[in-house]
Amino acid sequence: MTQLLRRSELAVPASNDHMFDKAAGCGADLVFLDLEDAVPAGGKEESRTKAIAALNQIDWGRTARAVRINGLDTQWCHDDLIEVVTKAGEHLDTVIIPKARQARDVWWVDVLLTQLESKLGLCRQIRLEVLIEEAAGLANAEAIAAASPRLNALILGVGDLSVSQGARVDTNFVPVGEYPGDFWHYARNKVIVAARIAGIDAIDAPYPDYQDPSGYERDARRASLLGYTGKWAIHPDQVAIANTVYSPSDDEIARAERNIAAYREAESSGRGAVGVSGVLVDAAHVKMAQQTLARAALIKASG
């Protein structure tokens with residue numbers, strides 16, 4: 001995992017500039033201004049201009065600022081990168097690449113960003129996140145995850161993945177018939193494994209039914225159990241849920257502190273394991289506890 005907080009990633013159509021201020025103040029760890037699917041073809045250039053203005057003029061506080069560019073196979077992608085980075089690169093933290101199918105898709109964006117940063121004299125390196133939302137991208141997830149040192153997260157996108165694999169789902173990406181278990185378990189697990197191999201984060205898919213907070217929370221918790229560190233939000237009301245789910249609970253923190261203390265005491269006596277409340281605690285448990293406490297410290301430090 002990275003040392004970045006990405007519990008909630010809020011999507012905002014770049015065409016809807018009346019939403020920008022609310023997005024900046026809703027408490028999301030990251031907000032991405034969407035130039036891709038949320039913007040019709042006729043509004044691409046105007047939306048790009050609005051995104052640039054928002055990056056430069058709005059106080060985003062601790063919220064990371066991102067832009068989702070159009071797909072590499074579209075006529076808008078090149079100008080998205082050139083114009084946004086040239087005109088607002090100092091205020092841009094992350095570029096999100098949609099519909100990556102193979103590692104060279106990430107490499108292409110990396111090379112162009114490197115050239116732009118050098119040309120413009122930018123003092124910070126712009127990060128990358130990549131959407132895994134095509135069947136080919138899912139198959140190549142491990143290579144994609146390792147394609148660039150800029151890359152710090154994979155995002156599972158089940159909407160386009162539904163189209164790519166021909167899944168029969170409703171508008172909330174739920175199967176339209178009986179299905180045993182979690183319909184997206186394979187994709188979720190494939191993405192988290194690829195991310196962890198590369199040492200980066202994994203962000204869970206959007207949940208379009210923003211009037212169903214319990215369903216959003218259920219999906220968020222399901223992904224968090226696998227190791228995901230955050231979830232896409234399509235409405236500000238989903239942000240607080242994601243921030244809570246992807247933060248260690250008080251019980252998790254207390255258990256981590258208790259296990260580390262017991263293990264250190266046993267270690268000082270020459271033992272490599274100890275029983276805590278009838279459960280064996282060894283070196284693996286200590287690593288898990290350290291991850292939990294590091295995550296809690298990161299959240300506390302973020303304010």
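Guide: The chain is divided into domain 1 (8-246) and domain 2 (250-302), with bounds that come from an automatic or database domain assignment. The C-alpha centres of domain 1 and domain 2 lie 33 Å apart. This is a predicted model, in which local features need pLDDT of at least 70 and side-chain atom pairs count only at pLDDT 80 or more, while totals for chains, interfaces and linings use all residues. Residues are numbered from 1 along each chain as its sequence is written, and side-chain values use heavy atoms, with hydrogens and water left out.

The strand in question is β3 (residues 64-68), of which 5 of 5 residues are buried. Here buried means under 20% relative accessible area, exposed over 50%, and partly exposed in between (1.4 Å probe, protein chains only). Helices (H or I, at least four residues) and strands (E, at least two) are DSSP runs, numbered from the N terminus. Both faces of β3 are covered, with A64, A66 and R68 on one side and R65 and V67 on the other.

On one flank, β2 and β3 run parallel and are joined by 5 bridges; two strands pair if DSSP finds at least two bridges between them. The bridge partner of F32 in β3 is A66. From β2 the chain passes through helix α2 (residues 44-57) to β3 in a right-handed β-α-β crossover. Right-handed means that, with the strands pointing away from the viewer, the path from the first strand over the helix to the second runs clockwise.

Strand β4 (residues 94-97) is also parallel to β3, and 3 bridges join the two. A66 stands opposite T94 in β4. The chain crosses from β3 to β4 through helix α3 (residues 77-88), and this β-α-β crossover is likewise right-handed.

Turning to the aromatic residues, the structure holds 4 aromatic pairs. Rings of Phe, Tyr and Trp (its six-membered ring) pair if their centres lie within 6.5 Å; planes under 30 degrees apart count as stacked, over 60 as edge-to-face and the rest as tilted. One of the pairs is formed by F32 and W232, edge-to-face at 5.2 Å centre to centre with 75° between the planes. This pair links distant parts of the chain, F32 lying in strand β2 (residues 30-34) and W232 in strand β8 (residues 230-233), 200 residues apart. Both F32 and W232 are buried.
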